[in-house]
Amino acid sequence: MSLKKQIPNSITLLNLLSGCIAVIFAVHNALEWAAFFAMAGIFFDFFDGFAARLLKVQSELGLQLDSLADMVTSGMVPGIVMYQLLAKVFPEAVWQVHTGFAFSYVGILGLCISLASAYRLAKFNIDTRQTSSFIGVPTPANTLLIISLPLIIAYQQTNWVLAVVQNPWFLIGLTVLSCYLLNAEIPLFALKFKTWGWKENQIRYVFLVLTLVLIGLLQFMAIPCIILLYVVLSVFANKTKSN
């Protein structure tokens, strides 16, 4: 088998490795570290497809491997992170299994994100409409939304921000919204540049510039804003095209 064909698959496996490490940290409630390793996995997830297109070695094996890796990094990780966040804000909803281990039966709602992610990934693999764009929020984008919460809590401890992010009903509402957006019939643009011209990519350039501005101004708080911006710009672009 050609070594060149294995380069994208190796990058995908780095995504999977990062996701596995993130799961370990998330299970042990080290959510900031889980977030950083999930981000590393998403970085590799972006570049495995880029490498496959650049080397012209796209394959069915790569497609399936990519989905399996995404299920860990962008499926299990955000679900466990939300489980831990919900467990923390609902301390009374805990079943003490044995010394040193308590199970949150409210926190299990967070795992709905993992279920919705699995459904979205399976649907993506058989949906011929999603070759150059997305329908519903991609799992990596949704993961960035969820893992931004522990980073905001850890590094941007503004009182009003903490009051919102640690509000039990905000977390439940975000879980429901996350599951919906993953599988909603909302066309969203993909950050895939086939050419570098302004006319074909103006929405991508606008999005990237605004993303950099938001990160500079808001740091980790920018991540939820960027995901919202992504959805809003996509809806605006769709309406412009239809008109």
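**Pocket lining and helix packing**

Q: How do the residues lining the second largest pocket of this predicted model divide by type?
A: The lining of the second largest pocket comprises nine nonpolar, seven polar and four charged residues. Among those nearest the pocket centre are Phe189, Asn238 and Lys241; Phe counts as nonpolar, Asn as polar and Lys as charged.

Q: Which elements each supply at least two residues of this lining?
A: They are strand S4 (187-189), helix H8 (198-218) and helix H9 (222-242). The pocket has a volume of about 480 Å³ and is lined by 20 residues.

Q: What makes H2 and H3 roughly antiparallel?
A: The axes of helix H2 (residues 31-55) and helix H3 (residues 60-89) cross at roughly 155 degrees. Angles over 145 degrees count as roughly antiparallel, and H2 and H3 are therefore roughly antiparallel to each other. Their axes come within 10 Å, and H2 passes H3 in a left-handed crossing.

Q: Which charged residues take part in the contact of H2 with H3?
A: Asp45 and Asp48 in H2, and Asp66 and Asp70 in H3, belong to this contact, and Asp counts as charged. The contact divides into seven nonpolar, four polar and four charged residues.

Q: What is the residue make-up of the contact of H3 with H5?
A: Residues meeting there include Val77, Pro78 and Met82 in H3 and Ile146, Ile147 and Leu149 in H5. The contact of H3 with H5 holds eleven nonpolar, four polar and one charged residue. Asp70 of H3 takes part, and Asp counts as charged. The axes of H3 and helix H5 (residues 139-155) come within 9 Å and cross at roughly 35 degrees.

Terms used:
Residues are numbered from 1 along each chain as its sequence is written. This is a predicted model: local features need pLDDT of at least 70, side-chain atom pairs count only at pLDDT 80 or more; totals for chains, interfaces and linings use all residues. Side-chain values use heavy atoms; hydrogens and water are left out. On a 1 Å grid over the protein atoms alone, a cavity is a set of points where a 1.4 Å probe fits but cannot get out, and a pocket is an open set with protein on both sides within 12 Å along at least five of seven lines; lining residues have an atom within 4 Å of a point. Grid points are joined across faces, edges and corners, and a volume is the space filled by probe spheres set on the points. Helices (H or I, at least four residues) and strands (E, at least two) are DSSP runs, numbered from the N terminus. Axes are lines fitted to C-alpha atoms, for helices over the stretch in contact, and angles run from 0 to 180 degrees between N-to-C directions. Angles under 35 degrees count as roughly parallel, over 145 as roughly antiparallel, 65 to 115 as roughly perpendicular and the rest as oblique. A crossing is left-handed if the near helix is turned anticlockwise from the far one by less than a right angle, and right-handed if clockwise. Contact means heavy atoms within 4.5 Å.
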